[in-house]
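Please keep the sequence and the model at hand while reading.

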Amino acid sequence: MKDSFVTACHLRRILADQLRPCFVVLDQGFGVLQISGDAASYGYGGLNPGMDCREQMPFLIGLAAGEAIHLPMVETASGSAADVLLTPTGSDQGLLLTDASRERAARRLAQQDANEARLLLKEQQKLLESLRAARDDLDATSQRAAEASLMKSRFIAGLSHEFRTPLAAILSHVALLADVSRDGELSPAESAQLIESNANHLLSLVETVLDRASLDMGQLSLHPVPMRLSAFCREMQVMFQPLAAAQGLEFRFHRRGDLQEWIEIDATRLRQVVINLIGNAIKYTDRGFVALILSWERGSLEVAVSDTGPGVSEAARERIFFPFQRADHAANKRGAGLGLAISAQLVELMGGKLKLEDRPGGGSVFGFTIPAPNIDAAAPVAASVSGLERRILLVDDSDDIRGLYSRLLAKAGFTVDTAADEPEAWGRFEAQRPDIAIVDVYLKEWEGTGLVRRLRGRGFTGGIVSWSASSLREDRQRAFDAGADAFVLKPVEISVLCATLTDIARRRAAAA
Amino acid sequence: MEARKICVLGDFATGKTSLVARFVHDSFLTTYHTTVGVKVDARDLVLADGRARRLAIWDVAGTGTPTELFLRYLRGASGYLLVADATRAETLERALEIRAAVESLLPAIPSVNLVNKVDLAERQELDEVRVARLAGAGEGWLRGSARTGENVERAFARLLERMERAA
């Protein structure tokens, strides 16, 4: 009997150590009536009869008096975990807390591992998705690069054909000219004309490709100069009326609104775009007319080229402004397939947007509006300097270029002296004391811009034109930084060169 | 002072414990410790009309599938805060399942929805458009962060207002 009592006491002690029971008798309002057991180990050592038990045990808030509920693993005030059992006991309630810290610790360990594994899996999935997306992007980029490469290969193949055709014509006519014993159908003058025409076409192709490369590299910049609108209109009419007539087309010109006499604009680039648009319109129109419509209002120049051609299909509209793309009906036409793309980029560079619309009644209208401020003082100043500054020193390492331009400039009324390199240039400079120097950017073994800089360094105050076959912006900038007044691309039309020389003289006169 | 029981519910690791820590202690836990069972904290709030309320906030262990025990923890609750994790879109679906279970098995009580962890900008999976698509355009989901405290106070205050209106 005594042994079993001892055993019972021992077991009770073990149970009490493990479960650390705490029993609280509560009234129906959760007021504490009696406390027994280890309340302190749960952080409720301050609980005393008469207190509202919910003050210290907020997990009792919300529970109705008299209901039985078992809440496992409730964190207590001490941070330990307890299984909570609330049960009615006659007119009172009994609250039993037993320790659940060990069970919670074991379960937390397993749960933490499981949750972290799921979070890790999620992160891995996300990483995989981003890797897949990156791979897809890479594939798409590679495909675009391959398409671009294919397009460029086609372009080069097409361009090779374009180059070969005029070259073959030039060579055959040169052979004809060389054949003194010929009794052919063409006169030497006619052969020379055809050679010139084909050479000009070759030059235009080369310029187009170089422009495209410059635009791609962001190297092309604008150089606004005073431009006489009336002269520009006449130039377009003279240029295109015969071409249109030869194809049985009418070339119309319309002026709308107030066309200012002088405007400031990059005349070279405006001319390039308008020539391209009119040239295209004539190329693709079989009957009817091609019209150029110009209007100027409040500092903006509006240009439209309208035709009665086949129009551009909805599908082709998206792509015709991209390089190497052409309208459906243009496959068998001459050209590099770059004209519209370059025109669109040039118009954008000039502050406008090239747009294509249907012409009511059939055909297309390509148009754009660009800033073009008018300048009233340009005309009288330009007139006042004509005839001044006629002595030119031309420095270029190409014998052909020196020979050609010295003859052309002489024909235009200038006195021209030439030099092939810097030492010779200094000799000619001392002897002639020119008004204007034309200096190549790249001289054999010599830096042309260095010569320009040294000319300025020695006090030369005359006009300096730098020229080069390179259309890179940095070459142009180097020339201006060295002290040049103007930069022109070789080969340059003699009329453009003369206009540049006149413009320099006008500016110098205005500044004096 | 009258007291109300509210529960914070949602999938595991949505930041429920951190939201409670921000609301009760204005602190933030930088490491993740999964909650097992339930942890109950209390905070007193004063209503706009000056009356004070004690909130017993039950931080219930996260679960994707509500069990009988999970629902037992909700007994006596006056409202609940439903939490989703902005960096895991699936937690919004779990939250909606929890709400459906709560609404089907217990009497209707007010709730407030919160998308937590909106401060983790680069890992967002639950922008407003996606929440509207998953939960329905008419659903109101606060966007908040236990880390920055954004909208935490507002979420609990809004829940208390709704509970008072429903009381």
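**Briefing on the predicted model**

Trp58(B) touches Lys5(B), Ile6(B), Cys7(B), Val8(B), Val38(B), Val40(B) and Tyr73(B), leaving aside residues up to four places away in sequence; two residues touch, or are in contact, if their C-beta atoms, placed from the backbone, lie within 7 Å. This is a predicted model, in which local features need pLDDT of at least 70 and side-chain atom pairs count only at pLDDT 80 or more, while totals for chains, interfaces and linings use all residues. Residues are numbered from 1 along each chain as its sequence is written, and chains are lettered from A and ligands numbered from 1 in the order in which they are written.

**Chain A in outline**

- Chain A contains 14 helices and 19 strands; these are DSSP runs numbered from the N terminus, with helices (H or I) of at least four residues and strands (E) of at least two.
- Of the 512 residues in chain A, 29% are buried, a term for residues with 20 or more other C-beta atoms within 10 Å of their own, whereas exposed residues have 12 or fewer and partly exposed ones lie in between.
- Among the contacts in chain A with a separation of 6 or more, 60% link residues 24 or more positions apart.

**Nonpolar cores**

- The largest nonpolar core has 67 residues, and Trp58(B), Val74(A) and Ile6(B) are among those with the most contacts inside it; such a core is a set of buried Ala, Val, Leu, Ile, Met, Phe, Trp, Tyr and Cys residues joined through C-beta atoms within 7 Å.
- Helix H5 (residues 152-166) of chain B gives this core its largest share, six residues.
- Another core, of 38 residues, lies apart from it and includes Leu277(A), Leu340(A), Met350(A) and Leu354(A).
- In soluble globular proteins, nonpolar side chains tend to be buried together.

**A sheet built from both chains**

- An open sheet of eleven strands runs in the order E2(A)-E1(A)-E5(A)-E4(A)-E3(A)-E2(B)-E3(B)-E1(B)-E4(B)-E5(B)-E6(B), with mixed pairing; two strands pair if DSSP finds at least two bridges between them.
- Its edge strands, each pairing on one side only, are strand E2 (32-37) of chain A and strand E6 (141-143) of chain B.
- Strand E3 (residues 69-75) of chain A pairs with E2(B) in the parallel sense over two bridges, and Glu75(A) has Lys39(B) as its bridge partner in E2(B).
- Strand E4 (residues 81-89) and strand E5 (residues 92-99) of chain A run antiparallel and are joined by eight bridges, with Leu96(A) in E5(A) as the bridge partner of Leu85(A).

**Contact between the chains**

- Between the two chains, 20 residues of chain B are in contact with 22 residues of chain A.
- On the side of chain B that touches chain A, strand E1 (2-10), strand E2 (38-46) and helix H2 (68-73) of chain B each give two or more residues, and the largest share, four residues, comes from E2(B).

**Val347(A) and its surroundings**

- Val347(A), in helix H8 (residues 339-349) of chain A, counts as buried because it has 23 C-beta neighbours inside 10 Å.
- Not counting residues up to four places away in sequence, Val347(A) touches Val273(A), Gly352(A), Lys353(A), Leu354(A), Phe368(A) and Ile370(A).
- The C-alpha atoms of Val347(A) and Ile370(A) are separated by 7.4 Å, and these residues are 23 residues apart along the chain.
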